[in-house]
Amino acid sequence: MMETFAFGRYHHHRFDLKRWIPAFLSSHKTFFTLLWIVGFALVFIWQQNIVDGLLAFRRAPAWPIPKLRPVAFNLTDFGGVGDGVTVNTEAFERAVSAIAKLGKRGGGQLNVQAGYWLTAPFNLTSHMTLFLAANAVILGIQDEKYWPLMPPLPSYGYGREHPGPRYGSLIHGQHLKDVVITGHNGTINGQGQSWWKKYRRKLLKHTRGPLVQIMWSSDILISNITLRDSPFWTLHPYDCKNVTISGVTILAPVFEAPNTDGIDPDSCENMVIEDCYISVGDDGVAIKSGWDQYGIAYGRPSTNILLRNLVIRSMVSAGVSIGSEMSGGVSNVTVENLHVWNSRRAVRIKTSAGRGGYVRHITYRNLTFDNVRVGIVIKTDYNEHPDEGYDPNALPVIKDISFIGIHGQGVRVPVRIHGSEDIPVRNVKFQDMSVGLTYKKKHIFQCAFVQGRVIGTIFPSPCENLDRYDEQERLVKRSISQNITDIDYDF
Ligand SMILES: *[C@@H]1O[C@H](CO)[C@@H](O)[C@H](O)[C@H]1NC(C)=O
Ligand SMILES: *[C@@H]1O[C@H](CO)[C@@H](O)[C@H](O)[C@H]1NC(C)=O
Ligand SMILES: *[C@@H]1O[C@H](CO)[C@@H](O)[C@H](O)[C@H]1NC(C)=O
Ligand SMILES: *[C@@H]1O[C@H](CO)[C@@H](O)[C@H](O)[C@H]1NC(C)=O
Ligand SMILES: *[C@@H]1O[C@H](CO)[C@@H](O)[C@H](O)[C@H]1NC(C)=O
Ligand SMILES: *[C@@H]1O[C@H](CO)[C@@H](O)[C@H](O)[C@H]1NC(C)=O
Ligand SMILES: *[C@@H]1O[C@H](CO)[C@@H](O)[C@H](O)[C@H]1NC(C)=O
Ligand SMILES: *[C@@H]1O[C@H](CO)[C@@H](O)[C@H](O)[C@H]1NC(C)=O
């Protein structure tokens, strides 16, 4: 389905209308007879479809829910009612405690059948599979008094939007092992509209809650579900190990859904995000590791992360970001087969003085930019700090970043690497790049304080800051100065 969803737009079938229409029109009779036949055929096909549709509906075999754990429950076994009105928090909590008792025997599975299951936030447990059937929708309750407050994340020292505590997530877990959230593409819907409105009107006293947040956990699999309209970041794995996110659709309005990032791996290790479709009101994916002095003290990097086969749309921010909170360091990230469409930016690394940490050993391979304003961005003055306590001398290190196989069309500024004297960008590599431009202009490969190389010929031609090599990786021309500054934000 990802294929159809993402790439269907490219299937153009061309008919040579110009040639055969005049031949028929030459005889009015033939034309009207044809019109009758076509009209009749359409009515016939239409009726046939209705009948088929009704039969299919009656015959429709229930899509059986697979049994993935030794013991399975239905939410209804615990008093759940899927009418969109009944609050099911206690049913979820009873189900989770029943499953918590099964841990040593392989855990348990909780099936959520088709229906609308309104609930306040609840916790998961270890060795649990939450299975969302087709047309099952878990709805987050909108009234914030049902949302528990939690201490700030230690690596942020701060609620992120407000000092002090923050709201927990709709679906939450801490110190867990072996958790699966999967299904036949059922949905977890945060009903974020009321939160976004209150946030914009400054009516909230605490940072909004994510939709799904799993903290200090390992062996997590989230697959084949849809996450939509999160109040805040959608899926937030925090200080976790061995996390796989696969076949997940993440949706929020592309405008006026503030901070609805898709997936935010935060101080996580050994993580795969693959085959996802993400269209949200902020970054599609944002890899993070804590904020300024709090993130430096917590000291836990995001590392060994693979993103592949993703289709992302982000009108406000970027398809895939690293940072801006990256104070614990981010390393060994591979982003491949990424398609970013109708977006403001495609891939972005953002940081600033005060962050400390590093972003290194990052490989982008086979990226397609389809109508994006800025393709590749590295920004080193993203000055947003938790409080005045940050150390302006804590300078992040940005290095070892490769861009291989960068293609696309409709791009205004393909590259903007804005290093600075304090935070230069080192050892970047470009190879095999050809990006169609919205309109030609000079200064579209923008650089400042960047050192690195280009292998072979790329389009558009690179800034003078980079050394040029031929396809065999022999030096052709050394850069005159790595510090030339040609950055134009107005363009
Ligand atoms: C869950 O509900 C389905 C359909 O209503 C039923 O077939 C199945 O046996 C139930 N499973 C359990 C574990 O109660
Ligand atoms: C959910 O988990 C958090 C963190 O472990 C805990 O503080 C909270 O009390 C739990 N809530 C319930 C209802 O168990
Ligand atoms: C899952 O549901 C979402 C939202 O309705 C839809 O966009 C997506 O195509 C569905 N995925 C599959 C595999 O059917
Ligand atoms: C990672 O987690 C999966 C379950 O999601 C598990 O099957 C696998 O064994 C784990 N891998 C490691 C290396 O622990
Ligand atoms: C997701 O669904 C597809 C079929 O739609 C299935 O092949 C795949 O195994 C599922 N993935 C996981 C991890 O459950
Ligand atoms: C980098 O991450 C990949 C997973 O994406 C992993 O297979 C590889 O071992 C990691 N490399 C190092 C040097 O840790
Ligand atoms: C590059 O990525 C696109 C999806 O964005 C995919 O269709 C294509 O097969 C990939 N090419 C290679 C060589 O992997
Ligand atoms: C370029 O800037 C770096 C600091 O970012 C400095 O060490 C170097 O001397 C500068 N080179 C030139 C030629 O100005």
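Predicted model: local features only at pLDDT ≥ 70, side-chain atom pairs only at ≥ 80, totals over all residues.
**Strand 3.** I went on to strand 3, residues 108–112, and checked how far the strand is covered: five of its five residues are buried. In general, side chains in a regular strand alternate between the two faces of the sheet, so I looked at each side in turn. Gly108, Leu110 and Val112 lie on one side of strand 3 and Gln109 and Asn111 on the other, and all of these are buried. For the neighbours, I recorded that strand 1 (residues 71–74) runs parallel to strand 3 and is joined to it by four bridges, with Asn74 standing opposite Asn111. Strand 6 (residues 128–132) also runs parallel to strand 3, through five bridges, and here Thr129 is the bridge partner of Gln109.

**Cys463.** My last entry concerns Cys463, which I located in the loop between strand 29 (450–455) and strand 30 (467–469). Why does Cys463 count as buried? Cys463 has 21 C-beta neighbours inside 10 Å, and the cut-off for a buried residue is 20 or more, so Cys463 falls in that class. Leaving aside residues up to four places away in sequence, Cys463 touches Phe445, Gln446, Cys447 and Asp486. I also noted the C-alpha to C-alpha distance from Cys463 to Val450, which is 9.7 Å for a separation of 13 residues in sequence.

Terms used: Residues numbered from 1 in each chain as written. Chains lettered and ligands numbered in written order. Buried ≥ 20, exposed ≤ 12 C-beta atoms within 10 Å, placed from the backbone. Helix = DSSP H or I, 4+ residues; strand = E, 2+ residues; numbered from the N terminus. Pairing = 2+ DSSP bridges. Contact = placed C-beta atoms within 7 Å.
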